Amino acid sequence: MADTSTSLESLAPPAELRRLPPVPQDRSLGWFTDKLTAFNEGKTPLWWWVGFFITAFGATVILPVTLIYKISVGVGVWGNNMPVMWGWDIINFVWWVGVAHAGTLISAMLFLTRQHWRTVIGRAAEAMTVFSVMMAGLYPGIHVGRAWFDWFMFPIPTYEDMWPQFRSPLMWDVFAVNTYLIISSTFWYMGLIPDLALMRDRAKTRVRKFLYGLFALGWTGSARQWHNYEKAYLVLSGLATLLVFTVSSIVGMDFATAQIAGWHETIFPFYFVAGAVTCGFGMVLVLLIPLRKLCHLEDIITLAHIDKICKMTLMMASIMGYIYLVEFFIAWYSGNPYDAWVFGHRMFGHQYVYGGWIMLLINASLPQLFWIKRVRQNLWLVFVIAFVLNIGMWFERFVIIVGSLYQDFLPANWGVYYPTWVDIGVFVGTLGAFFMLYLLFVRFLPMVPVSEVKGVSPEANTHRPAAVKGGQP
Amino acid sequence: MSETNYGIAAEFDSAADVLRAAEKVRDAGYRRWDVFSPFPVHGLEKVMGLGNSRVGWFAFLFGAGAFIGTMLMIWYMNDFDYPIVIGGKPMFSTPMSVVPSYILLVLFAGIGTFIGMIALNELPRHHHPLFAKKRFALVSRDKFYLVIGSNDPQFSESVTRKLLEDIGGQHIEIVEDK
C-alpha cells in the first residue's frame, strides 16, 4: 500500500510472513462487479452445455430409474446381505456428508477466525455443502428399505403414539443431517441476498429482473439492513461452525454405538470429522481448479488461494494418518482378539486388503507431497492428488463399513459383498445431480460473493488517502 | 409537500466520501436518514448510532426455546407418553437428550437469526420509493446514496438540499413516495 510511511514499512513483517491480502487487486468497485458477474451475464459456453447434459443425464435418468427400481422391488436389489447389511448406501452417505464439511469449514469457521482470504471461495464452498448434503440426505431415506415409512423418523403425533426412540444415535443422525441441510442452505441463501439484488439491478431482461428481484426480497443495501445482515451472518457462521464438529461426530457415533470390532471405538466421532474435512478439501480443489479457469476467475481465485487449501488438506491428511496409526495401536494394545483380527486383516487379509493400503498410501501419505511448494503450485498435480484423495476417502468408508462387517464374531456368518448395478447407478446418479446443481449454480449465481469482495477490496477502506483512490481502472 | 415525498437523495463516489458526509449530516442534527451502499461501510453504524443489532436476541430466544422444548419433547415421548424399555437404558437421561436438543438449538437459532434479519430489515419488501430512481441501480455496483427522509423534523426541501450540496453530494434529487 502506498500510504505506509518508511518507518511503518520497517516494522512490517517480512514478505513471506505477511498475510495474503483478501483481494489481490487494487481495482475499482465497478471492475469487481463486472468481472464477477461476467460469467452469469455472458453467453452460455459450450463446455457448460456439454457438462450439463452429461450430469443431467445422471440426475434425471439414471438416478430416478435406479431409485424407482430399488424402492419398488426392495433392498434386495442392492448387494447388501448378511453379515454386510450396510453397503454402498451408507458408504456414499458418509462420503457425501464428508464432502459437505469442508464447505462449512471454509465459509463459516474461517470467517469466524478472520481468515479474509476465504472471502473469494466462501460461497463456492458453501454451495458444495448444500448440494452434497442433499445427496447425503437421500441415502438414509432409501436405505431404510420401506421408504414410504420414512415419516416414522420424525416426531409426528399420530393416533398410535408412535414416537422416535431418542436413545439411539441413528435417531440423532436424522436431526443432525436435516439441521445441516437447513442451516447450510439458510447461510448460503442469506449470503446471496445482496448479490441477488445486484443481479436484479443489472438485469437486462424482464424474466431475469423478476426472478432475481423476487429472491432478493427487495434488498436496498441501506446501512440499517447491512447492520442487521452482518450480525446475522456472524451468528449463522457461529452456528454453522458448531455443525462442522457435530454432524460427522454423530455419524461416527452411529458406528461407535455398535458392538462390531472395527466400529466400537471412542475415537470415531473425531475420526469422522477429520475424514470428512480431508475429503471435502479434496472436493473443493476438484471443483475450483477447473472452474476458476473456465469461468475466467484466475485473477480472483489465485494460486495463493489454492496454496492455502493445499496446506489445509495437508494438515487434515496428517491428522488422518495419525488416527489410522492410533487405531492400529489400540487394536494391538487392547489385547482384544476381535479388534486384532479386523485390523490385521485390513492390511494382510484376503478379501479387501486393497482398501486398507489405499487408506494408508493415498489418504495419509499422498497429500504429504503438499509439503513441497512446487507441487502446490502445479495445478495439474494438485488436481490429480485431490481427485485421487476423494476416491481414497471413499475407500476409507468402504474399509470401515464392509471391512468390519464381512467377518464378524461367528465364522459361520462370514460373507463377502459385491455392489450391484443398482448400487452403482444410485451413486452415479447422485454424482450427476451434484455436478448438475453445481453447474446451474455457477451459471446463474455469482460464484464469488461480489459484495463481500468489494467490502474487503482496498477501495472500501474508508481511511485510504484520497491521493491513491481509484487505483487501477 | 412533504406528504408526497420520501426524501432527498444525494449520490457519493466512495465509502470514505459518504462516511464523511454522514458525519456532517449527523452534526447538522438530522435523525431520519440512511446510507445505501454496495457493501457494509464500517464506521457508519457508529455515526448513525445504530448500536448493537437485535438479531442476536432472536438467535438466543429461538435457540433456548428449542433446547428446552426438545428436552421436554423427548421426556414426554420416551418417558411419559409411551415408555418402552430398550436395552435396559433409562427412559429419560441427560446423555440421550442433550445431543438432539443441542442439534435443534442450532437449527432453531439459525432459523431465528434468519427470521430476525428479515424482520428487522422489513423484508421482503419488493417495492421501495428509491427503486423508482434510475441511478439507484448503481448503488449495488459502486455508488453510495445518502437519503434524508422527509419525515425528519428538521427536513426542509431547500435547506436539506443545500446541506447535501455543501457536503459534496452529486445528482441530488427528490425521491417521490409512490
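Where does A:Pro83 lie, and between which helices of chain A? I looked: A:Pro83 is in the loop between helix H3 (46–73) and H4 of chain A. Helices here are DSSP runs of H or I with at least four residues, strands are E runs of at least two, and both are numbered from the N terminus.

**Ground rules**

I note that this is a predicted model: local features need pLDDT of at least 70, side-chain atom pairs count only at pLDDT 80 or more, and totals for chains, interfaces and linings use all residues. Residues are numbered from 1 along each chain as its sequence is written, while chains are lettered from A and ligands numbered from 1 in the order in which they are written.

**Entry: chain A overall**

I counted secondary structure in chain A and got 16 helices and 0 strands. The radius of gyration of chain A is 24 Å, close to the 23 Å of the globule rule for 473 residues, so chain A is as compact as a globular protein of that length. That radius is taken over C-alpha atoms, and the rule is 2.2 Å times the number of residues to the power 0.38. The C-alpha trace of chain A spans about 80 × 55 × 45 Å along its principal axes.

I then checked burial. A residue is buried if 20 or more other C-beta atoms lie within 10 Å of its own, exposed if 12 or fewer, and partly exposed in between, with C-beta atoms placed from the backbone. In chain A, 49% of the 473 residues are buried.

**Entry: H4 of chain A**

H4 covers residues 88–112 of chain A, 25 residues in total. From first C-alpha to last it reaches 35 Å, close to the 36 Å expected at 1.5 Å a residue. The expected span is 1.5 Å times one less than the number of residues. I found a kink of about 35 degrees in H4(A), centred on A:Leu105. Such a bend is the angle between axes fitted to the seven residues ending at a residue and the seven starting there. H4(A) is mostly covered, with 24 of its 25 residues buried. A:Arg114 follows H4(A) and has a positive phi, near 60 degrees.

**Entry: H12 of chain A**

H12 (353–365) has 13 residues and reaches 17 Å, close to the expected 18 Å. H12(A) bends by about 25 degrees at A:Met359. A:Met359 is also among the buried residues of H12(A), as are A:Gly355 and A:Ile362. I asked what covers them. The cover includes helix H9 (268–294), helix H10 (303–333), helix H11 (337–348) and helix H14 (379–405) of chain A.

**Entry: chain B overall**

Chain B has 5 helices and 4 strands. From the N terminus on, its elements run β-α-β-α-α-α-β-α-β. The radius of gyration of chain B is 25 Å, well over the 16 Å that the globule rule gives for 178 residues, so chain B is more spread out than a compact globule. I looked up the domains, whose bounds come from an automatic or database assignment. Domain 1 of chain B is 5–51 + 127–176, and domain 2 is 55–120. Their centres, taken over C-alpha atoms, are 44 Å apart.

Contact means that the C-beta atoms of two residues, placed from the backbone, lie within 7 Å. I find 57 residues from chain B and 53 residues from chain A in the contact. H4(B) gives the most to the chain B side, with 16 residues. By class, that side has 36 nonpolar, 14 polar and 7 charged residues. Ala, Val, Leu, Ile, Met, Phe, Trp, Tyr, Cys and Pro count as nonpolar, Asp, Glu, Lys and Arg as charged, and the others, Gly among them, as polar.

Most residues other than glycine have a negative phi, and most peptide bonds are trans. I listed some exceptions. The bond from A:Met82 to A:Pro83 is cis, with omega near 10 degrees. The bond from B:Leu123 to B:Pro124 is also cis, with omega near -10 degrees. B:Pro124 is in the loop between H4 and E3 of chain B. B:Glu122 is found in the loop between H4 and E3 too, and its phi is positive, near 55 degrees. B:Glu122 is exposed, with 12 other C-beta atoms within 10 Å. In chain A, A:Asp161 has a positive phi of about 55 degrees. A:Asp161 lies in the loop between helix H5 (119–143) and helix H6 (169–202).
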